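The sequence and the coordinates are shown below, and the description follows them.

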Amino acid sequence: MLIASVSLLAQKPHQPNSAEIYQSLKKLNVLGNVLYLAAHPDDENTRLIGYMANHELVNTAYLALTRGDGGQNLVGSELREGLGVIRTQELLAARRTDGSQQFFTRANDFGYSKNPEETLQIWDKERVLHDMVAVIRQFRPDVIINRFPANGGGGHGHHTSSAILAEEAFTLAADKNAYPDQLTQLDVWQVKRLLLNTGRWWNKDINENSEGVVTIDVGQYNSVLGQSYNELAALSRSNHKSQGFGATGSRGEQLEFLEYVKGDQAEDHVFEGIDMTWGRVKGGESIGNMIENVINNFNPNAPEQCIQELITVKSAISNLKDGFWKAKKLAEIDQLIVACSGLYLEAVADDYYTSPGEKISLRIEAINRTSDQASLTRIWSDEVKMDTTMGLSLDRNKNNRFNTTITVPQSISYSQPYWLVSRQTNDGTYSIKDNDAGKGENQPAILLNAEVNIAGQKMTLDVPVIYKWNDPVKGELYRPFYIIPPVSINLSDPVVIFRKNQSREIDVVVKAGINNLSTVVKPIIPKGWKVVPEQVNVQLEIKGEEQVLTFKVTSPNKQQTIPLKFEAVMGNDIYNNGLTEINYDHIPSQIILTEAATKLVNIDVEIVGSKIGYIHGAGDLVPDGLRNIGFEVVELENEDITLENLIQYDAVVLGIRAVNTDKRFPFYKDDLMKYAEQGGTLVMQYNTRHRLSTEEFAPYPIKLGRDRVTLESAEMRILAPKHRILNEPNIITNADFDNWVQERGLYFPSEWDEKYTAVFSSNDPGETAKDGSLLVANYGEGHFVYTGISFFREIPAGVAGAYRLLANIVSLSK
Ligand SMILES: [Zn+2]
């Protein structure tokens, strides 16, 4: 891999400059691998990774066990699978920046986990280990560096699990009885040592004199790159935009401490006792000197001058016995020859997507920038049954462009991210093919092979089909090319809420993936429900065209949650995919195919009162949920929050973290309290105790804590069965806590004034009772409610019991 291509336009064929070529030449003479290992996108230490890849010049990779699907999204509305796709691309972008590689396992980031026992129970531990072992056997790290300790110092259960599993994988990778299925293509591999990239978070006393600790100064300056590794690390880390991790680089000494965990102990240097010269390959001793000469003779004004020498090195390596380093270094040399020649080769499609069976037109551009003889002799792809033999001579700096048309076979796969292809995914792991273990992303949808000849050297290059266009503001933009279904059916809401016997209209957007689409779109009507019309004929002439269909859906008389699926029938074929595009400037555009379905939730819920004011905090979808069950919800801006204005509302609800995020909260707080005192219901959802805009956010003292109940099925014991909040207008029972998602609640208060009534008691297994999830107090003529219950998750997910409880909360003063 060519080093440090700092490019946001990930799809643009990268033309390495002389500095990058020089770095890569130096790397050709280093035969070592290091694997950094942790749980999530953002756990990785980009300083240490950048240092390893560019200073030690070893092949460096980060293995993130998950894709970060369980987090929050600071750049858009995607969550779960969509967020996992974004964070995958952010990690790949980070690795392009710091010059390393990225691996994953099939483990799903299912959300916060308090301990490794829980994590390893939810993940399919045996399959996650399978993938880790496969990565180790493919990549063959000499050293593995854990981000987290196995003793729990890293907090999150996923973090601790990553360390525990790393120790197991270390042993298993070398064991021929472990995962023997992998050994048809890979060999067992013995990692030399496992280290912990310790930190002062969990080891306050660590320093460069600590016993058994290897210290590295990763703050060094690289004059070829024109930056220090901590500056490079900031650029890499700033790719994690969905997490708001834009980072500012620093300069100067920066010590990292590596603590011994397993394998051979090192005294002074991380790669101690490992031969990282060509001496490690039998018969390869002389190759190091040959490469040293290429490096010494390198002329940045004319990199092409080293092509002949590289060809000599290549033939010397070709004479070695087949093996890992031979294959790896031959591929690096081919890339270097191409880079030195300034060869530019791209295949651009006439659109960014097509469907199986369709024709696409490709425009191929090839140009050679050396005085060496070069030619393009063949372009082919087994996938699309294309094979063109040619003898196109590539004269120096003469641009060659030509068009060709290919037919995409019916059998080609859609461009669904490979870990989302199977819908049998459970909470803990994605269902993938074992052969895909470790892979970051799909291969390009169509990958051409090009045979070129440079200075008498025949080489085969990968040329992905891409799409590019000119944006009047941003300039030339690239995006990947996709294969999509001929028709997609998109539903705007993943969940539609009904009250009993209610009719609602559902809009369905049908989009053509081909020209002259003719199809019949049908709902698959669940028993007891009514949906009209029962089918609609759709004719769309132009690829990309859309038609909106409206269906009237009527719910039955009983509480029920059921999917409403749609399908498009074309002859004998049935299509049932929705299509989501993910477009951001910092990552290549992505698509996700979903099921063309929405969840119908018919809730037996009564409401009292009609008008609710909502003050947003960090952002949540609770207002839409309240509208769904019949409330009029007004989202209040700062100037609306006056006592005279608030009086009209039956309840005023604060969004999650409003006291944290709204700096003006202390100034309008008194009006909110007076509103409650005069008979209103004021509902405050969870805040965190750090960065509160005021400690006095409630009428009677409440001290916030960090208690949370992460098990979504944890028992909710009722402490105040007679309280109005559990009885009017809806009688809340244990059944209302069925089918919750992700958790019960978070950041519960730890202490509160006796004027509050604690309504529920709950806890995760093995923990003491936590009683602060829902606190309610009479205040003057009205009520104040503080709740850490995760309404912000349960309401958008259509959890019926959460709706019924929330309806009672906002109805308290009526
Ligand atoms: Zn993490």
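## Zinc site and sheet

The zinc ion is coordinated at 2.1 Å by His40 (ND1), Asp43 (OD) and His159 (NE2); donors are N, O and S atoms within 2.8 Å of the metal (3.2 Å for Na, K and Ca), and sites may look incomplete because water is not among the atoms. Along the chain, the donors of the zinc ion show the spacing H-x2-D-x115-H. Asp43 belongs to the loop between strand 1 and helix 2 (46–54) and His159 to helix 6 (residues 157–172), so the pair ties together parts that are 116 residues apart in sequence.

This is a predicted model, in which local features need pLDDT of at least 70 and side-chain atom pairs count only at pLDDT 80 or more, whereas totals for chains, interfaces and linings use all residues. Residues are numbered from 1 along each chain as its sequence is written, and side-chain values use heavy atoms, with hydrogens and water left out.

| Residue | Relative accessible area |
|---|---|
| Asp43 | buried, 9% |
| His159 | buried, 11% |

Seven strands form an open sheet with the order 3-2-1-4-5-9-6 and mixed pairing; strands (E, at least two residues) and helices (H or I, at least four) are DSSP runs numbered from the N terminus, and two strands pair if DSSP finds at least two bridges between them. The edge strands, pairing on one side only, are strand 3 (101–104) and strand 6 (213–217). Strand 1 (residues 33–38) and strand 4 (residues 143–146) run parallel and are joined by four bridges; Leu37 has Asn146 in strand 4 as its bridge partner.

Note on methods. Buried means under 20% relative accessible area, exposed over 50%, partly exposed in between (1.4 Å probe, protein chains only).
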